[in-house]
Amino acid sequence: MKVRAAAAAFCAGWTLMMLEILAGRLMAPWFGQSVQQWGALIGCVMTAMALGAAWAAGTPLFGKALLAAFAELGQVPGMILGAAAIAGVPAFALAAVSPACAAALAGEDGAGPAAGRAAALSTLGSIGGTFFAAFVAIPYLGVALSYVVATLIAAVGGLAVGFRADARLAAAGLGALAAGFAVERQEAARLLLALETTHNSIQVAARDDGAVVLTTGGNGVVQSKARPDGGPTGMYYDALPAAPALSAGGERPRVLVLGVAGGSGLTAIARAWPQADVLGVELDPGMTFAGRAHFDLTAPVVHADARRFAETDQALYDVVLTDVYTGGVVPFHVATAEYFAAAARRLSPGGVAVVNACRCGGGEALPGALAATMATAFGTGAAADAPGGNVLLFAWREPGVDLA
């Protein structure tokens, strides 16, 4: 019995951390992966545990619809309610496992040491579940199947200590497996590409007008767009070829694009400036795969973090374009004075730094904040409206100014 109780504690910890990581990934398309999002998620999980998994088995089926509905309530209330719905409920159920395991492990040593052993085993399971979800389940199994795996692990742990109700939980998990695959097949049939990577849930689809678009999940924000005739997209990509003309690079400018996605911006510049030396930097190799398969991306792309590349690269460029602020989701480490100082060091004298910023929700908060931060590295800059409602921010490295 003690061996089975130990196994149950381990499985509970494994499942709880799997569900927490998976919930973060499921929420990302609607609420990003900010400190606030993870704070809401962890807080709701801990609250549910303090109060307290068939719910988890059905999450791939109803989770996206719930998150889409909660997103309409606004960023903060939406993320808290979403976290409570998709992670809090299973955490409530799993929190009941540890006391049961501690009771089963208790012997002559008493309840205190048994509780400590149960907590230690649960922690070991949590470590395994965290690494498994982040490095194996999401990239190779996908979110829906990963939820089912987590559900079945919870069922195994429950059965180990004789929770007969967990046999029904296992059956629910198998049912969710079949239903999840059916839903994913229906969605995949409407897509040109569906790809889960470590960083994104990538979807490429053809619209009724023939345009091909790349999105990364439920919020529908377009990351890349291409028309079948190669014409203007009606988005900010159409304005990016003007950037080299604002630099001192002449007819053969060197262009660095930090944040490529499917390559619409990089490709637009390369087509307009065929003699330019262009280089893209993209964190997610899956984005590059999608770009080469569906968006005529042919320019060279380095897979690296934008800030890390800006800080370690030694080359100079006439244009440094930062395009990493996706649908209002701001990676904080590429929105700091230190980042823009590193970007400034990558500019040749007379070079121009360009930042694509969205008017998220129709406001000027993000463009204004980025412009103010850019000014710490460059001084006064300029801003211009771009197609699609975005704002392009510009700043120059003046000749003779040492930024080393």
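**Strand pairing, cores and aromatic pairs in a predicted model**

Alanine 357 stands opposite valine 391 in strand E11. This pairing belongs to a predicted model, in which E9 and E11 are joined in the antiparallel sense over 6 bridges. Strand E9 spans residues 347-357 and strand E11 spans residues 391-396. A parallel partner of E9 is also found: 5 bridges link E8 to E9. Strands of a sheet pair through backbone hydrogen bonds, in either a parallel or an antiparallel manner. The burial of E9 is also recorded in the model: because 10 of its 11 residues are buried, E9 is largely enclosed by the rest of the structure.

The chain as a whole contains 13 helices and 11 strands. Of its 404 residues, 49% count as buried.

In soluble globular proteins, nonpolar side chains tend to be buried together. In the present model, the largest nonpolar core comprises 33 residues, and those touching the most other members are Leu256, Leu258, Tyr325, Tyr339, Phe340, Leu370 and Phe378. Two or more residues are given to this core by each of several elements, including strand E5 (254-258), helix H12 (337-345), strand E9 and helix H13 (365-378). Another core lies apart from it and has 27 residues, among them Met18, Met27, Ala87 and Ala137.

When neighbours within four places in sequence are left aside, leucine 258 is in contact with Val281, Ala306, Phe309, Val320, Leu321, Thr322, Asp323, Val324 and Tyr339. Tyr339 is in turn one of the buried residues of H12, together with Phe340, Ala342, Ala343 and Ala344. The cover over the buried residues of H12 includes E5, H11, E8, E9 and H13.

A further part of the model is an open sheet of 4 strands, arranged in the order E1-E2-E3-E4 with antiparallel pairing. Strand E1 (193-196) and E4 form the edges, each pairing on one side only. From one strand to the next, the twist averages 10°. Inside the sheet, strand E2 (residues 201-206) and strand E3 (residues 212-215) are paired in the antiparallel sense over 4 bridges. Alanine 205 is placed opposite valine 213 in E3.

Threonine 197 is located in the loop between E1 and E2. The relative accessibility of threonine 197 is 10%, and this residue therefore counts as buried. Beyond its neighbours within four places in sequence, threonine 197 contacts Arg25, Ile138, Ile202, Asp284 and Gly286. Valine 222 lies in strand E4, which covers residues 222-226. With a relative accessible area of 16%, valine 222 is likewise buried. Residues up to four places away in sequence not being counted, valine 222 touches Arg207, Val213, Leu214, Thr215, Met235 and Tyr237. Valine 222 and methionine 235 are 13 residues apart along the chain, and their C-alpha atoms are separated by 9.5 Å.

Aromatic pairs were considered last. A pair of aromatic rings is described by the distance of the centres and the angle of the planes. The structure holds 4 such pairs. One of them is formed by phenylalanine 131 and phenylalanine 135, which are stacked at 6.0 Å centre to centre with 20° between the planes. Both residues lie in helix H6 (residues 111-141), where they are 4 residues apart, about one turn of the helix. Phenylalanine 135 has a relative accessibility of 55% and so counts as exposed. Phenylalanine 394 and tryptophan 396 form another stacked pair, with 6.3 Å between the centres and 20° between the planes. Phenylalanine 394 is buried, its relative accessible area being 13%, whereas tryptophan 396, at 27% relative accessibility, counts as partly exposed.

Definitions and conventions: Residues are numbered from 1 along each chain as its sequence is written. This is a predicted model: local features need pLDDT of at least 70, side-chain atom pairs count only at pLDDT 80 or more; totals for chains, interfaces and linings use all residues. Side-chain values use heavy atoms; hydrogens and water are left out. Rings of Phe, Tyr and Trp (its six-membered ring) pair if their centres lie within 6.5 Å; planes under 30 degrees apart count as stacked, over 60 as edge-to-face and the rest as tilted. Buried means under 20% relative accessible area, exposed over 50%, partly exposed in between (1.4 Å probe, protein chains only). Contact means heavy atoms within 4.5 Å. Two strands pair if DSSP finds at least two bridges between them. Axes are lines fitted to C-alpha atoms, for helices over the stretch in contact, and angles run from 0 to 180 degrees between N-to-C directions. A nonpolar core is a set of buried Ala, Val, Leu, Ile, Met, Phe, Trp, Tyr and Cys residues joined through side-chain atoms within 4.5 Å.
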